[in-house]
Amino acid sequence: MDKFRIGFEEMAWENPKTGVFQKIYADGHKQIRLLRFEYGFVEEDWCRKGHIGYVLNGSMTINFNGTHKSFGKGDGLWIEAGEGHQHKVIMEKDGFVELVLFEEG
């Protein structure tokens with residue numbers, strides 16, 4: 001890493017739980033995450049964090065408190081923080097999605 005370039009290619013993938021892989025660059029209160037969700041990833045609790053991102057490859061469905069929205073390659077996403085925007089990622093069998101998220105750290 002240098003002052004202007006984030007070398008995701010040189011970073012190792014973290015595997016914090018089944019079906020999710022990530023690379024994170026954080027600086028102070030902001031971070032950028034390169035994520036890959038695969039079939040087998042299950043979000044047990046509702047996420048209430050805010051996310052701004054872009055789908056690089058693949059597809060996923062997000063359950064917004066009972067309303068399902070699909071996201072695929074080329075789609076952006078903007079999810080506000082808070083209980084009113086709680087959500088869970090749903091991965092289809094044999095599916096995957098790669099995305100980049102810009103978040104508060």
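**Contacts, cores and a pocket**

Modeller: Start with Phe37. Beyond its neighbours within four places in sequence, Phe37 is in contact with Gly19, Val20, Val89, Met91, Gly95, Phe96, Val97 and Leu99. Keep in mind that this is a predicted model.

Colleague: Which residues touch the most other members of the largest nonpolar core?
Modeller: Those are Phe37, Met60, Leu77, Val89, Val97 and Leu99. The core has 15 residues.

Colleague: And which elements give two or more residues to this core?
Modeller: They are strand S3 (30–38), S4, strand S6 (76–79) and strand S8 (96–104).

Colleague: What about a second core? Which residues does it include?
Modeller: It is separate and has five residues, including Met11, Ile32, Leu34 and Val100.

Colleague: Let's go to Gly53. Where is it?
Modeller: Gly53 sits in strand S4, which covers residues 51–64.

Colleague: Is Gly53 buried or exposed, and why?
Modeller: Gly53 is buried, because its relative accessibility is 11%, and the cut-off for buried is under 20%.

Colleague: What does Gly53 touch?
Modeller: Leaving out residues up to four places away in sequence, Gly53 touches Asp75, Gly76, Leu77, Val100, Leu101 and Phe102. Leu99 also deserves a look.

Colleague: New topic: pockets. How much space lies in the largest one?
Modeller: About 520 Å³.

Colleague: Which residues lie nearest the centre of the largest pocket?
Modeller: Arg33, Glu43, Cys47, Lys49 and His51 do. The lining has 28 residues.

Colleague: Which strands supply at least two residues of that lining?
Modeller: Strand S1 (14–17), strand S2 (20–27), S3, S4, S6 and S8 each do.

Colleague: Now the backbone. Which residues other than glycine have a positive phi?
Modeller: Asn65 is one of them, with phi near 50 degrees. Asp94 is another, at about 65 degrees.

Colleague: Where are Asn65 and Asp94?
Modeller: Asn65 is in the loop between S4 and strand S5 (67–72). Asp94 is in the loop between strand S7 (88–90) and S8.

Colleague: Is Asn65 buried or exposed? And Asp94?
Modeller: Asn65 is exposed, with a relative accessible area of 53%. Asp94 is exposed too, at 68% relative accessibility.

Colleague: Where does Tyr39 sit?
Modeller: Tyr39 is in the loop between S3 and S4. Tyr39 counts as partly exposed, because its relative accessibility is 47%.

Colleague: What is Tyr39 in contact with?
Modeller: Beyond neighbours within four places in sequence, Tyr39 contacts Met91, Glu92, Lys93, Asp94 and Gly95. Ile90 is 51 residues from Tyr39 along the chain, and their C-alpha atoms are separated by 8.4 Å.

Colleague: And which strand holds Ile90?
Modeller: Ile90 is in strand S7. Ile90 is partly exposed, at 27% relative accessibility. Setting aside neighbours within four places in sequence, Ile90 is in contact with Met60, Thr61, Asn63 and His68.

Colleague: How far is Ile90 from Lys30?
Modeller: Their C-alpha atoms are 26 Å apart, and the two residues are 60 apart along the chain.

Colleague: Last one. What lies over the face of Trp46?
Modeller: Lys88 does, at 4.7 Å from the ring centre.

Definitions and conventions. Residues are numbered from 1 along each chain as its sequence is written. This is a predicted model: local features need pLDDT of at least 70, side-chain atom pairs count only at pLDDT 80 or more; totals for chains, interfaces and linings use all residues. Side-chain values use heavy atoms; hydrogens and water are left out. A charge sits over a ring if NZ of Lys or CZ of Arg is within 6 Å of the ring centre and within 35 degrees of the ring normal. Helices (H or I, at least four residues) and strands (E, at least two) are DSSP runs, numbered from the N terminus. Buried means under 20% relative accessible area, exposed over 50%, partly exposed in between (1.4 Å probe, protein chains only). Contact means heavy atoms within 4.5 Å. A nonpolar core is a set of buried Ala, Val, Leu, Ile, Met, Phe, Trp, Tyr and Cys residues joined through side-chain atoms within 4.5 Å. On a 1 Å grid over the protein atoms alone, a cavity is a set of points where a 1.4 Å probe fits but cannot get out, and a pocket is an open set with protein on both sides within 12 Å along at least five of seven lines; lining residues have an atom within 4 Å of a point. Grid points are joined across faces, edges and corners, and a volume is the space filled by probe spheres set on the points.
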